[in-house]
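The exercises below are to be worked through with the sequence and the coordinates at hand. Each task is followed by a solution in steps.

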Amino acid sequence: MAVATHARYCPVCGGDSTERFCAADGTATVLRLTVDPASVAYEPGHVIEGRYRITGKIGRGGFGAVFSAIHTGTGQEIAIKVLIVDLSEDNGSIIRRFWQEAQITAQLRHPNTVRVFDVGQTEEGAFYIAMERLRGTTLGDLLQDRAAQGEVLVEDEALDIAIAVLRSLGEAHRAGLVHRDLKPANVMLCESPDEDAPIVKVLDFGIARTQDSSLTRQGASLGTPAYMSPEQCRGEIVDPRSDIYALGTILYRCVCGRPPYFDENPLSVMFQHTSAPIPEVRRLARTPLSDGFVTCVQKALSKQASDRFGDAREMREALETVRTGVWTAQSLGRGAEGRTQLAWSGTPGTSAPAEAPHPIADARFGGETDGYDSSVVVARAESAVTAAAAAVTIAPAHPRS
């Protein structure tokens, strides 16, 4: 049951309004309602706003759920993402991020990015996003399945996925957007009847923002700790190079079965991102790696953003040379001069011998929350790093046994 507490509300600027459109920014206003979670536990057959008929539930997270649905007019299969929070001051930032996800993702057109078609408010008061219905598995689920068999992705598999992800990020970065929560659970490997390989889709731009956005408060840290860049852990302003770091951690996990850092305490992980050396990828890898792959991962995981690839396009071009077997140090692009790099040039499939692999591939690592109770952690960065510094002994992290 929904109970009105104010007339109308702008989900972008946060101001109250009596009009259908916000006078400040022109956004369609919504009703300020108190939402009963039981009222949005939609069963098959329920129709949202007269045009989206629910056919089932896909999943549920901390702030809402995703349902499968059919458009009552066109018959198109879609996914409906529903946010279940009250329109209160305490939840203002959550609401604004959700609305921003719809606005940002609706502007993106790349085939490797999930498409958003509509955003609105249900009769019960909850917000929803209507988006492309995808079928397949997440990269996180694939990595867990491989780990259950004592396996990881081989280099070429990891490269193919990363290159596709970078094509999606390239469009976002050119638009001045930073994803800020790139992780295996947000990379979908979609079924394709016309392709031998799955189509890669980047999901969940829910905490993405423009580089000059003030949506999150100073010193706040938003993301998933295992995949956050050092500057993100410190609550600093991020740019595309933070996404580059996150993809570096994903590539690391693809071939090692675990990200560079892992601990039951998320603050410990955040501190290690900022201060601990990256465990050598080849030492922990469970599959042969080329020198080009190793060097690209090392560059992506540089502590200083200025030492990483400058943007998604630069990293993609470097990985493509590794994938085709023509990688050299010069493939690293901007910023490569003056630094000693490993060089490798050969035919596809050749690589230097890997060192002894890490003995454990933990099938339980990962999942929807990537090892934590919440996939999004909000913390005061200064206190997070200080607390972690006092409590953590720096050492290569090990997955749970």
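**Exercise 1. Determine whether Arg308 is buried or exposed, and find its salt-bridge partner.**

Arg308 is buried, because its relative accessible area is 2%, where buried means under 20% relative accessible area, exposed over 50% and partly exposed in between (1.4 Å probe, protein chains only). The model is a predicted one, in which local features need pLDDT of at least 70 and side-chain atom pairs count only at pLDDT 80 or more, while totals for chains, interfaces and linings use all residues. Residues are numbered from 1 along each chain as its sequence is written, and side-chain values use heavy atoms, with hydrogens and water left out.

The next step is the partner. Arg308 forms a salt bridge with Glu231, the closest N and O atoms being 2.8 Å apart; the criterion is a side-chain nitrogen of Lys or Arg within 4 Å of a carboxyl oxygen of Asp or Glu. Glu231 lies in helix H4 (residues 230-233) and Arg308 in the loop between helix H8 (291-300) and H9, so the pair ties together parts that are 77 residues apart in sequence. Helices (H or I, at least four residues) and strands (E, at least two) are DSSP runs, numbered from the N terminus. Glu231 also counts as buried, because its relative accessibility is 7%.

**Exercise 2. Work out which elements the salt bridge between Asp156 and Arg323 links, and how exposed the two residues are.**

The side chains of Asp156 and Arg323 meet at 3.3 Å, N to O. Asp156 belongs to helix H3 (residues 155-174) and Arg323 to helix H9 (residues 312-324), 167 residues apart. Asp156 is partly exposed at 26% relative accessibility, and Arg323 is partly exposed at 25%.

**Exercise 3. Characterise the ring pair of Tyr52 and Tyr128.**

Rings of Phe, Tyr and Trp (its six-membered ring) pair if their centres lie within 6.5 Å, and planes under 30 degrees apart count as stacked, over 60 as edge-to-face and the rest as tilted. By this rule the count comes to two aromatic pairs. One of them, Tyr52 with Tyr128, is edge-to-face, at 5.8 Å centre to centre with 70° between the planes. Tyr52 sits in strand E5 (residues 52-60) and Tyr128 in strand E9 (residues 127-132), 76 residues apart. Tyr52 counts as buried because its relative accessibility is 5%, and Tyr128 counts as buried because its value is 0%.
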